Amino acid sequence: MFYMLLRHRDIENLNQIDTFLKEDGFEGFKKALKMDTTDVTNEVKEAGLRGRGGAGFPAGVKWSFMDNNNWPHYVVANADESEPGTFKDREIMESNPFQFLEGLAIASYAVGANAAYIYLRGEFWEVAHFLDEKIEEMEKAGFLGDNIQGTDYSLNIYTHLGAGAYICGEETALLESMEGKRGQPRVRPPFPPSQGLYDKPTVVNNVETLTSVPYIINKGADGYRKFGTEKSPGTKIFSLSGNVNKPGNYELPLGSTFRELIFEHGGGIPDGKSIKAIMPAGASSSMVVANDEALDTQLTYEDVPNVGGDLGSASVIVVDDSISLDWLINKTMDFFHHESCGKCTPCREGSYWMKKLTERIHSGEGTEEDVALLKDVATQVRGKTLCALGEFSTMAVVTSIERFPEDFAK
Amino acid sequence: MSLAEKYPQEIEKILAKYPPEHKRSAVMALLYMAMREEGYITKADKADIANMLDMTTTEISAIIGFYTLYHDEKAGQYRLQVCTDIGCALRGADQYLAELSEKLNVKPGETTADGLVTLEEVKCLAACDKAPMFQVQSGKGIKYHEEMTVDATLELIEELRKDAKEAK
Amino acid sequence: MTKEVTLTIDGKEVSVPAGSLVVDAAKKAGIDIPVFCYHPKMEPVGMCRQCLVEIGRPAFDRATGEAVLEEDGSPKINWGWKLETSCTNPVSDGMVVKTQSEKAVKGQNDMLEFQLTSHPLDCPVCDKGGECLLQDLTLAHGSAESRFSFDEKRHAEKKVALSDDIWLDRERCIQCGRCVRFQSEVVGEAVLGFEERGSHTQIMTTSDPGFDSNFSGNTTDICPVGALTTAQFRFGARPWEMEATASICGECPVGCNTVLNTRRDVKSGGKIVVKRVMPRQNEAVNETWLCDKGRFANHNTDNRLLAPSTEWTDAIASAAQKLSAADEPVFVVDGSLSNEDLYNIKSLADEVGAKALCYSEAGGGALTTKSASYGKSGAGDAILVIGGNLYAEAPIFWLRAKQAVERGAKLIVATEAETRLDAFATTVVRDLKKGLEVAEEIFAKAENTVVLYSGDDALAQFCAALNPTSLIGVWEDANTQGAWEMGYEAVSDLSALKGKTVYVAGKSSLVAAALESAEFTVIQASEEANLVVGQTVSIMETSESVCVMLPSRTIAESDGTFTSAERRVQRFFSAVLPMGDSLPGYVITAQIAEKMGVTLDIDAEDIFSAFSDLSYADLANISVEESLLIGGTCYENEQGLGVMLPAKA
Ligand SMILES: Cc1cc2nc3c(=O)[nH]c(=O)nc-3n(C[C@H](O)[C@H](O)[C@H](O)COP(=O)(O)O)c2cc1C
Ligand code: SF4
Ligand code: FES
């Protein structure tokens with residue numbers, strides 16, 4: 001298996017700076033420092049690297065949106081990783097931290113930021129302290145601080161811990177939280193590249209997105225495009241969980257199929273059960289019917305929608321045939337009700353209402369009308385919330401009722 | 001003693017991360033600092049932090065209330081926070097929590113009689129492949145414990161109990 | 001001039017300044033889009049989602065930048081699949097907005113249904129009933145039946161005292177955040193916040209003391225529902241039962257425009273009383289705000305002088321006789337009187353060659369009559385606030401100083417004690433002299449300069465020496481400025497009244513002082529003076545030999561005008577019936593004058609025209625007012641914005 005991101009699986013002690021330096025560490029950053037900043041951005045643009053945080057927005061394009069009439073600029077690494085089913089960024093930060101930091105440094109250089117922050121979910125308390133050490137080592141090695149590698153470019157990287165709120169993964173809520181406020185999303189536009197942290201132009205990128213950058217600079221856009229498909233180039237880490245024999249992170253080229261991921265790598269379904277449904281993007285996903293068509297669908301941004309889902313952050317949750325989906329959507333609603341920030345009405349009230357309905361339905365007290373009402377309330381939330389969390393909360397609910405009616409006909 | 005008096009250097013280091021006109025950004029880190037002492041944020045801490053950052057105590061409380069990892073009420077010395085979200089639940093976390101709860105003789109949300117452990121149920125901790133799992137939150141910080149069994153958990157609690165006794 | 005943008009809303013073409021929000025543009029076209037969280041005085045946050053509409057924007061060809069046209073030549077409009085919030089979207093040329101399409105109305109009704117799921121719907125016992133945005137919307141569009149199970153409604157505390165003045169009903173709160181944002185954004189005192197999150201979100205304060213702000217009452221106006229109410233008005237009346245009369249606040253010299261809401265009241269023996277004081281919009285003075293001092297002022301005092309001790313005619317004759325007999329009678333007033341009262345007294349004093357004094361602890365009145373316009377200071381301007389405590393003395397002036405700083409003005413605060421203005425000041429000095437020095441330096445580089453001072457004549461002289469564009473005295477009373485404009489002489493020491501025959505008109509404290517010093521006192525007062533000199537019962541027992549007491553009316557009972565400290569002349573109207581046998585002050589004076597052979601007007605409007613170049617009609621001008629009243633309770637100004645006196649050379 002080829003590793004571009006999870007290189008520590010091949011190389012022992014990659015999280016030690018000496019090892020990392022021996023393994024071409026910081027070569028991408030050094031190369032970038034000799035390039036024009038716009039060329040760095042263009043290389044990433046051409047590589048077609050899409051955001052790994054969920055929305056899949058092209059990273060280079062985002063960097064090019066930075067408002068150059070408003071300074072300073074900031075880069076913020078999104079290490080909030082709170083989507084149920086996602087656990088890839090943590091592995092990167094723990095085991096291949098320097099590649100991530102290198103990517104962050106390249107991004108900062110490209111957009112002219114002299115300060116970059118890593119926003120980690122509060123639960124990653126130990127990871128944050130570990131990264132603090134790594135940042136210090138990197139500074140000592142001359143890759144951070146003033147006049148990096150003899151250039152006139154200066155950069156400092158800081159960690160910033162959240163404190164338990166899924167919504168802080170949403171980029172504007174994350175920025176609010178960084179500013180010392182309640183982590184509630186802002187109205188967009190303005191988007192962060194025009195007004196972000198402290199109202200200054202800011203790039204927010206996911207950890208995995210940034211970790212992909214050094215490879216792109218090292219091998220060029222063409223080198224990167226050797227993996228993946230035309231519209232979804234590169235490799236991607238799939239966090240595989242749920243009813244599979246071997247849950248865990250798998251780095252595969254985009255374009256691999258669900259079947260490969262779940263059965264080849266994940267070792268199939270345990271206890272002789274069969275696969276029933278797939279949530280391809282964590283708790284926010286639609287419930288995809290795990291038929292042959294779905295299993296043979298390529299894991300790309302463009303293909304997963306064909307079977308009624310989204311690639312999102314590629315946290316694939318496998319559901320076997322012993323699970324009744326009324327139980328599952330009660331779990332997702334429990335999550336979204338708990339995590340709704342409360343700022344906007346449809347999400348605050350809708351998540352509470354849906355939670356009450358899924359509880360009733362799961363407990364067996366629900367009627368047919370309750371199921372219809374649940375679907376109606378979910379539909380009513382859609383398209384009206386301030387941020388995507390409200391939207392997310394309805395996905396599993398609506399698609400489970402639509403695609404697995406038998407689970408609700410009790 | 002106030003936090004400002006107790007940890008002047010560390011506070012300075014935290015504040016240095018942010019532009020001086022945005023020192024409010026330091027509130028998250030300072031709230032963690034406050035929890036070091038008693039495991040929860042006291043009224044005096046709130047006033048202290050508000051004072052340092054030119055905020056009101058109401059603003060501080062509003063932040064504490066928003067985030068689940070800040071506590072302004074006393075609980076057990078260790079908060080044992082078991083993930084029962086989808087990923088973990090599909091791998092038996094609910095049963096694990098039920099068993100643990102029975103062995104410890106506390107329901108989620110309750111604290112053991114000796115005040116050592118508060119058992120809590122939490123949302124996804126980004127360790128879905130390592131269920132059952134939990135994190136232990138205390139004044140000292142947060143630590144993950146993955147691929148756990150009830151027995152291993154009880155052993156861990158014994159160790160925590162020993163540590164607590166030694167600390168006294 | 002800002003650029004105008006033309007768009008179409010519900011088929012109507014509207015032109016509004018670029019940068020306007022769709023919701024405000026609609027308002028201008030006479031279309032009310034329902035809102036909860038949006039308030040024109042605060043940054044839009046788009047959180048209640050009530051104002052959802054369909055917004056279409058003209059399509060442009062990416063390559064050429066040209067507008068794309070439909071087959072019939074009309075511009076092609078792009079419509080997104082989502083509804084958008086009209087409170088956060090700025091207008092753009094060629095935009096098409098549908099607020100009444102099936103989709104938009106469904107979206108708005110969906111939001112309403114969400115709001116109502118856990119709302120208690122206790123309108124029949126809610127103070128806001130009748131002026132509640134949620135109630136209005138529910139009546140217009142709410143569904144008769146709830147799809148939400150009644151048993152699953154969230155319950156919360158219904159009686160939370162946030163302070164002595166403000167109550168919170170947590171069940172009624174719709175989490176719109178207006179109150180929180182008002183306190184942090186507008187006032188800069190972030191003493192309200194949200195606790196928890198999601199469906200547990202609730203308003204709270206953990207400040208100590210709780211809702212400690214001189215502006216707290218405003219949150220009850222802007223709360224779109226009955227979650228925040230005042231202790232004073234709680235269960236006091238239903239809004240629709242009350243009359244509304246325009247008035248001017250008499251508590252300080254800012255001159256905030258108010259409305260007195262009145263109703264016949266059983267508790268007050270069936271009398272018509274003032275049930276509450278509400279703001280009336282005047283963008284140049286108080287915008288849509290009132291401070292708590294003005295809002296919670298007591299207009300229904302019982303300590304009233306109800307009748308003269310003898311028949312009115314005898315009392316008037318006796319007063320005239322005493323004044324005529326006196327060698328050198330003295331006329332002394334304070335700034336609580338209206339211009340009309342002041343003018344008749346001054347005229348009588350002038351006729352009999354007597355001194356007309358106005359009691360004021362602050363000095364320098366004569367220096368302030370040239371130009372005292374505070375205006376809307378901003379970038380390039382500088383303000384000096386010196387002496388006193390603006391936050392307590394003239395809260396809305398304080399607010400305007402804060403806003404001026406936000407617009408870029410420099411602010412120097414020079415006070416001996418810490419004040420709540422310090423936090424917003426460019427420079428703070430704890431020494432007045434030093435403050436004058438600093439101001440001199442900063443003023444040298446500023447465009448418009450304003451001095452707000454509280455202090456004696458000496459301080460006023462120093463301030464005047466700075467040669468500011470405007471010199472404003474922060475007087476104790478609402479109309480002290482009016483007295484200076486009329487040429488009253490300032491007096492801060494009443495020992496000069498010793499042994500004299502004095503005509504005193506004003507607050508009971510002034511009357512009490514006169515009673516103690518003067519040989520004989522003609523008292524024109526609306527309050528019962530003996531309550532203040534309560535201990536000196538002997539004076540009251542022999543009162544007829546030392547005084548005649550003539551009951552006059554309160555502001556709430558009279559017509560007239562006040563001149564604010566920044567020289568804005570504004571009109572107030574009588575809102576309640578006079579108590580007892582009281583008469584308007586200017587009538588009392590005219591009647592005494594008549595007995596002394598001097599003819600004075602007895603009609604407020606005539607008196608006003610006699611001393612002013614202006615007429616009441618001038619004060620009734622409302623043309624410049626933009627109607628901003630979206631959501632919340634505040635009265636539109638239909639009675640006039642008053643007139644700023646022109647700067648004198
Ligand atoms: C409710 C919500 C939660 C999110 N959580 C995360 C997260 O934990 N990590 C992340 O990288 N992006 C998360 N996102 C996406 C971010 O808003 C943002 O799109 C992303 O960080 C951009 O980085 P990328 O372009 O590199 O993917 C979340 C979005 C929403 C609406
Ligand atoms: S109390 Fe009123 S103004 Fe404040 S959030 Fe609730 S509804 Fe809005
Ligand atoms: S979202 Fe527009 S008024 Fe609340």
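The centres of domain 1 and domain 2 of chain B, taken over C-alpha atoms, are 28 Å apart. Domain 1 of chain B covers 3–66, and domain 2 covers 78–167; such bounds come from an automatic or database domain assignment. The model is predicted, with local features needing pLDDT of at least 70 and side-chain atom pairs counting only at pLDDT 80 or more, while totals for chains, interfaces and linings use all residues. Residues are numbered from 1 along each chain as its sequence is written, chains are lettered from A and ligands numbered from 1 in the order in which they are written, and side-chain values use heavy atoms, without hydrogens and water.

Chain B contacts chain C through ten residues, which meet eleven residues of chain C (contact: heavy atoms within 4.5 Å). About 810 Å² is buried between the two chains, 52% of it from carbon and sulfur atoms (accessible area, 1.4 Å probe, lost on being put together, summed over both parts). On the chain B side, Thr58(B), Ala62(B) and Phe66(B) lose the most area to chain C, together 49% of what that side buries. The chain B residues that touch chain C comprise three nonpolar, six polar and one charged. Here Ala, Val, Leu, Ile, Met, Phe, Trp, Tyr, Cys and Pro count as nonpolar, Asp, Glu, Lys and Arg as charged, and the others, Gly among them, as polar.

Ligand 2 is surrounded by 13 residues (a heavy atom within 4 Å). The closest are Cys173(C), Cys176(C), Gly177(C), Cys179(C) and Cys223(C). The shell around ligand 2 holds ten nonpolar, two polar and one charged residue.
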